[in-house]
Amino acid sequence: MKRIHRDLQDDFDEELELELEDRDSGVTAGDEPADASTERRRYFRELFRLQSELVKLQDWVQHTGHKVVILFEGRDAAGKGGVIKRITQRLNPRVCRVAALPAPNDRERTQWYFQRYVSHLPAAGEIVLFDRSWYNRAGVERVMGFCTDEQYEEFFRSAPEFERMLQRSGIQLIKYWFSISDDEQRVRFLGRIHDPLKQWKLSPMDLESRRRWEEYTKAKEVMLERTHIPESPWWVVPADDKKRARLNCIRHLLSQMPYEEVSHADIELPARQRREDYIRHPVPAELIVPEVY
């Protein structure tokens, strides 16, 4: 229960850091140990520093017309969504966007397997983060029996070629696998069960994946072995500690591109134009949102 409590505290921190704008983070709890408070401040300082570098990376991608695709794969509750939030938190959603596709519909099931992903690929000056990707076929579809053996083998024949095609077209592809232990996943699932704000994250598929831990492990090992190619290698992020995983992943991501700071002209706020014949009309009272707070 102490571990679950600490995990819930981390969740509260997550929500706080999404709102926190003060770079000199003074996030402390009155009754927590001093070393924990120091560690939390150190985490926030490093997170803000890395996020400022991500803004520079975004400017460089726009300026150079670079195209980037980043895949985030891993077990349920491995922390993929958390790091995606931290990457996109301070970036322009028109430049850096997230693709989190639902289960394929009846029409999509009859398409070429990679077809539904192609429409989400970036144009020049864009970054696309896939919260799960075409590797669903090598993972959940294989374990849960949603694909045939023939489709499974065809995936391994096609995926490396598909990724080489992306690279040849000028798209940089980066693939991350978030790795957590059996015990850590159990604790995170229990935390979701006991947190009413996060119970929606637990689907029947998630619970079944917990039961089939070993089958998912075997599928992951085969996937990494057969799709780790020089053109698009896999990078494994140890993720039992969510905060360290975020920092390590963002730092590594930044190292994968030769970005540099793009100079911008100084911004000056123009003076407001005023017209003597303009009269502002009052807003009708019935349109005003009640000020309860």
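**Entry 1: S1 and its partners.** I began with S1 and strand S4 (residues 171-179), which run parallel and are joined by 8 bridges. I took helices (H or I, at least four residues) and strands (E, at least two) as DSSP runs, numbered from the N terminus. Two strands pair if DSSP finds at least two bridges between them. For Phe-72 I looked up the bridge partner in S4, and it is Tyr-176.

This is a predicted model, so local features need pLDDT of at least 70 and side-chain atom pairs count only at pLDDT 80 or more, while totals for chains, interfaces and linings use all residues. Residues are numbered from 1 along each chain as its sequence is written, and side-chain values use heavy atoms, with hydrogens and water left out.

S1 also pairs with strand S3 (residues 126-131), in the parallel sense, over 6 bridges. There I found Lys-67 opposite Glu-126 of S3.

Next I asked how many residues of S1 are buried. Of the 8 residues in S1 (residues 67-74), 7 are buried, so the strand is largely enclosed by the rest of the structure. Buried means under 20% relative accessible area, exposed means over 50%, and partly exposed lies in between (1.4 Å probe, protein chains only). S4 is mostly covered too, with 8 of its 9 residues buried.

Entry 2: The 5 strands form an open sheet, S2-S3-S1-S4-S5, with parallel pairing. Strand S2 (96-99) and strand S5 (234-238) are at the edges with a single partner strand each, so one side of each has no neighbour in the sheet. On average, neighbouring strands of this sheet are turned by 25° against each other, direction ignored.

Cys-96 stands opposite Ile-127 in S3. Helix H3 (residues 80-88) packs on the sheet, where it touches S1, S2, S3 and S4, and its direction makes about 155° with that of S1. H11 packs on the sheet as well, touching S1, S4 and S5, with its direction at about 160° to that of S4. For these angles, axes are lines fitted to C-alpha atoms, for helices over the stretch in contact, and angles run from 0 to 180 degrees between N-to-C directions. Contact means heavy atoms within 4.5 Å.

The bridge partner of Trp-177 in S5 is Val-236.

**Entry 3: Leu-253.** I picked Leu-253, which lies in helix H11 (residues 242-255). Is Leu-253 buried or exposed? Leu-253 is buried, with a relative accessible area of 1%. Leaving aside neighbours within four places in sequence, I listed the residues that Leu-253 contacts: Leu-54, Ile-70, Ile-87, Ile-174 and Tyr-176.

**Entry 4: two positive phi values.** I noted first that most residues other than glycine have a negative phi. Ala-77 is not a glycine, yet its phi is positive, about 70°. Ala-77 lies in the loop between S1 and H3 and is buried, with a relative accessible area of 8%. Arg-132 has a positive phi too, near 75°. I found Arg-132 in the loop between S3 and helix H6 (140-144), partly exposed with a relative accessible area of 25%.

**Entry 5: H7 against H10.** Last, I checked a helix pair. The axes of helix H7 (residues 149-168) and helix H10 (residues 213-227) come within 10 Å and cross at roughly 40°. H7 and H10 are therefore oblique to each other; angles under 35 degrees count as roughly parallel, over 145 as roughly antiparallel, 65 to 115 as roughly perpendicular and the rest as oblique. From H7, the contact is made by Tyr-152, Glu-153, Phe-156, Ala-159, Pro-160 and Glu-163, and from H10 by Val-222, Met-223, Arg-226 and Thr-227.

**Entry 6: the chain overall.** The protein chain has 11 helices and 5 strands. Of its 293 residues, 43% count as buried. The C-alpha atoms fill a box of roughly 75 × 50 × 45 Å, taken along the principal axes.
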